[in-house]
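Here are my notes on the model, point by point. Please read them with the structure open.

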There are 2 protein chains.
Amino acid sequence: MHRTLAAQLPATTPGTRVRVEGWLHRRRTLASVTFLILRDRTGLAQVVLKDPAALAGSAGLGEETVVSVEGTVVANPSAPAGVEILDPTVSPLSEPAEPPPVELWRPSLAAGLPTLLDNAPVTLRHPRSRAMWQLASAGMQGFRRALTAQGFTEIATPKIVGASTESGANVFTVDYFGEKAYLAQSPQLYKQTLVGVFERVFEVGPVFRAEPHDTVRHIAEYVSLDAELGFIADHRDVLVVLRSALAGMLEAATELAPGALRTLGVDLPKVPDEIPVVHFAEALRLVAAPEDEPDLSPAHERALSAWARERYGSEFLAVEGYPMRKRPFYTHPQTDDPRWSNSFDLLFRGLELTTGGQRLHRYSDYRAALAASGQSEAPYEGYLQAFRHGMPPHGGFAIGLERWVARLTGAENVRQARLFPRDLHRLTP
Amino acid sequence: MHRTLAAQLPATTPGTRVRVEGWLHRRRTLASVTFLILRDRTGLAQVVLKDPAALAGSAGLGEETVVSVEGTVVANPSAPAGVEILDPTVSPLSEPAEPPPVELWRPSLAAGLPTLLDNAPVTLRHPRSRAMWQLASAGMQGFRRALTAQGFTEIATPKIVGASTESGANVFTVDYFGEKAYLAQSPQLYKQTLVGVFERVFEVGPVFRAEPHDTVRHIAEYVSLDAELGFIADHRDVLVVLRSALAGMLEAATELAPGALRTLGVDLPKVPDEIPVVHFAEALRLVAAPEDEPDLSPAHERALSAWARERYGSEFLAVEGYPMRKRPFYTHPQTDDPRWSNSFDLLFRGLELTTGGQRLHRYSDYRAALAASGQSEAPYEGYLQAFRHGMPPHGGFAIGLERWVARLTGAENVRQARLFPRDLHRLTP
């Protein structure tokens with residue numbers, strides 16, 4: 001007999017004998033009857049035990065034991081999804097499970113985050129934990145789909161690199177056959193180099209930050225959704241692609257993870273056809289900040305988001321033109337005023353979601369920019385080679401997957417959106 | 001004026017003014033005319049310069065300079081793709097490029113592999129190098145598509161791990177905030193753990209091997225296509241999923257990278273509806289090897305592949321039942337004879353392509369297996385927790401992306417299928 005999934009039961013003809021398999025999510029023992037709630041990857045199924053022999057046979061099987069159940073499908077409007085399984089034969093597929101460290105059948109996990117993370121191999125099984133990751137999984141697919149449809153090539157760049165280029169601090173060192181190497185903080189230099197090969201590239205992969213901060217926003221390893229494209233006019237062309245990527249990620253959530261959205265009660269934002277843009281100088285005026293302020297404070301970001309919602313009905317706002325002195329060396333200046341940059345931060349619901357912009361593309365500009373930032377050219381040798389041999393105007397952006405999911409779901413801690421987070425204090429499980 | 005891509009030119013009405021942009025792939029100067037061959041992400045376009053002013057204006061632009069060309073589309077049966085661009089205005093988008101280290105316009109790159117790898121930021125631009133990676137890119141997409149259609153959830157597991165579990169040797173160590181950590185050799189333990197959460201999971205991500213061997217088959221970092229699924233009867237169910245993944249990868253190559261297949265002259269194999277299977281003991285008999293031989297030699301693998309082609313018309317052959325003593329501790333034994341395992345190697349065109357099989361799923365079996373292999377339980381704490389709390393019968397496989405592409409294309413060295421390979425001697429570019 002083929003396995004029937006929980007989600008297929010409501011469409012099964014009543015009276016049919018079926019086999020369902022999954023985890024014993026909950027056992028409820030009443031006076032004359034025991035209910036077993038079975039959990040599989042598609043949902044829950046209710047099994048009703050009345051026969052004394054069957055009751056005795058399953059008595060030793062604790063919650064989380066994996067079982068196979070054969071029984072008869074019967075309609076019951078008061079059962080989950082309107083059906084239940086009667087006259088069951090229950091066969092364990094694993095040994096009887098030990099009681100889980102946290103009760104998984106409760107609607108919410110009644111434990112603090114450290115306990116949940118310490119026991120992630122089991123607590124991730126809770127429907128709310130699963131749902132968080134299902135949104136992440138859908139996000140990756142939506143991102144790729146949107147970019148593939150626009151002629152982007154997926155790349156996979158090295159995570160072990162020979163130089164710590166982008167920022168001297170916050171890198172992990174690796175013993176590479178006796179030599180000192182580093183874990184890549186981002187695919188930035190490689191994705192730019194590969195614009196020279198494929199014009200339009202994206203990568204979905206791990207990045208590593210030796211973050212010395214122990215906050216709800218920092219983890220040491222996360223998934224970065226990176227894109228870079230050539231033959232642009234300026235950063236506004238990058239913003240258009242970023243918009244399509246975000247729209248693709250939201251569409252994928254609706255299409256691939258509707259159950260996760262329901263479980264978490266997520267209210268998805270609408271991405272406007274055109275994301276409103278405000279210049280950094282104008283943004284400072286709007287929040288009544290001094291005009292030489294080099295950055296926006298969290299309070300400023302919240303105020304600007306509120307302004308965009310009010311003025312444009314948009315939960316997204318791009319702030320362009322950030323001061324050059326606050327941007328990395330490869331940032332392209334604003335053509336008519338080099339104090340400002342052709343880059344932007346994207347604000348979403350009051351918080352910075354991602355950064356993007358146009359990069360320098362002329363070899364001589366790179367040499368000048370490295371000299372101005374006091375850096376030697378040697379560690380950038382391969383990168384500079386691409387520019388010596390012709391690179392088009394280009395730019396790109398990066399979205400932190402876990403941050404995206406945390407923002408969408410309103411999770412307090414980015415660790416809730418990662419399967420097995422790594423941080424200053426956590427290297428296991 | 002919008003940009004027209006090279007591949008769109010043949011469908012453009014002759015006489016239309018267009019703008020094309022790309023790299024100056026080749027300049028051919030004849031007595032009265034100069035041909036500029038432009039390369040963009042879709043192909044090549046021929047631009048014809050006759051006007052002395054235009055000739056003079058573009059004289060200083062060397063190969064690989066990025067240019068924008070406006071001109072008139074004209075049919076010319078002897079031009080590439082049957083069209084060319086006349087009366088052009090050529091504007092550089094980059095500074096004049098320095099001559100590339102290897103001539104990129106020649107049909108094949110005339111340099112040894114070390115030179116090509118040293119100059120990868122530029123040599124990857126060659127159409128044959130690009131085509132190799134386009135097959136890799138299509139492979140990743142085909143793999144994901146095939147598994148997503150079968151209810152698999154994409155996962156992203158930690159690459160920085162606290163214990164070097166799978167094999168003590170060949171791991172890279174990381175300085176993790178002053179603590180010793182390791183780069184994951186595979187997502188094996190995590191993907192099994194996550195079968196407990198999602199039942200069916202896959203991951204496409206980097207794995208790290210501190211391979212002390214300097215061979216054409218070994219690189220220190222590569223992309224692993226990993227899958228793992230629960231509620232199986234045995235390893236044969238895993239082989240069915242592996243078959244569908246390979247078929248998906250081949251379909252994606254045909255659909256997403258037809259140009260790459262043409263450029264490389266690749267003859268794609270057909271995956272039979274059912275991959276033929278031979279038991280290890282029978283395989284030894286077929287190649288007349290001693291019956292206590294613990295492994296198959298390369299010559300044996302070639303002979304068995306030839307046998308499968310002859311007997312089943314199949315370029316794929318699964319050899320099941322490998323001796324338990326040669327398999328990792330989590331391997332499930334053959335139910336009726338524990339000398340053998342419920343695992344397989346998949347041979348493709350005479351070489352081992354991938355390994356898969358059923359894993360143990362009972363907590364007590366893991367404790368016994370670790371004890372038998374002389375390992376302590378401590379480093380496996382999180383992994384063992386999953387089994388203590390109920391895990392279904394499960395199994396999986398892993399495909400090395402670069403190895404797959406190398407085998408498909410007949411490349412001599414797996415480095416040719418990787419964008420910026422890392423090995424014993426190479427950490428840059």
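1. L317(B) stands opposite L347(B) in strand 16 of chain B. The two strands involved are strand 13 (residues 316-320) and strand 16 (residues 343-348) of chain B; they run antiparallel and are joined by five bridges. Pairing here requires at least two bridges found by DSSP. Helices (H or I, at least four residues) and strands (E, at least two) are DSSP runs, numbered from the N terminus.

2. A word on the source. This is a predicted model: local features need pLDDT of at least 70, side-chain atom pairs count only at pLDDT 80 or more, and totals for chains, interfaces and linings use all residues. Residues are numbered from 1 along each chain as its sequence is written, while chains are lettered from A and ligands numbered from 1 in the order in which they are written. The predictor's confidence in each residue, pLDDT, runs from 0 to 100. Chain A averages 96, and 99% of its residues score at least 70. The model has an ipTM of 0.97 and a pTM of 0.97.

3. Now the sheet in chain B. It is open, has eight strands in the order 6-10-11-18-17-16-13-12, and its pairing is mixed. Strand 6 (153-154) and strand 12 (277-279) of chain B are the edge strands, each pairing on one side only.

4. Look next at chain A. Strand 16 (residues 343-348) and strand 17 (residues 351-359) of chain A pair in the antiparallel sense over six bridges. F344(A) has G356(A) as its bridge partner in strand 17. Two residues lie between the strands of this hairpin, and R349(A) takes a positive phi near 50° there. Strand 17 of chain A also runs antiparallel to strand 18 (residues 394-400), again with six bridges. In strand 18, the bridge partner of R359(A) is H394(A).

5. W404(B) and L408(B) are among the buried residues. Their cover includes helix 4 (127-148), helix 7 (258-264) and strand 17 (351-359) of chain B. Just after the helix, G410(B) takes a positive phi of about 75°.

6. Helix 4 (residues 127-148) of chain A passes a length check. Its 22 residues should span 32 Å at 1.5 Å a residue, and the end C-alpha atoms are 31 Å apart, which agrees. The expected span is 1.5 Å times one less than the number of residues. Of those 22 residues, 17 are buried.

7. Chain A as a whole has 12 helices and 18 strands. Buried residues make up 50% of its 429 residues. An automatic or database assignment sets the domain bounds. Domain 1 covers 6-92 and domain 2 covers 121-417; their C-alpha centres lie 47 Å apart.

8. Finally, the two copies. A rotation of 180° with 0.0 Å of shift along its axis superposes chain A on chain B, at an RMSD of 0.0 Å. The copies are thus related as by a two-fold rotation axis. In chain A, V174(A) has the C-alpha nearest the axis, 2.3 Å from it.

Key:
A residue is buried if 20 or more other C-beta atoms lie within 10 Å of its own, exposed if 12 or fewer, and partly exposed in between; C-beta atoms are placed from the backbone. Copies are superposed by least squares on the C-alpha atoms of residues with pLDDT of at least 70 in both. Two residues are in contact if their C-beta atoms, placed from the backbone, lie within 7 Å.
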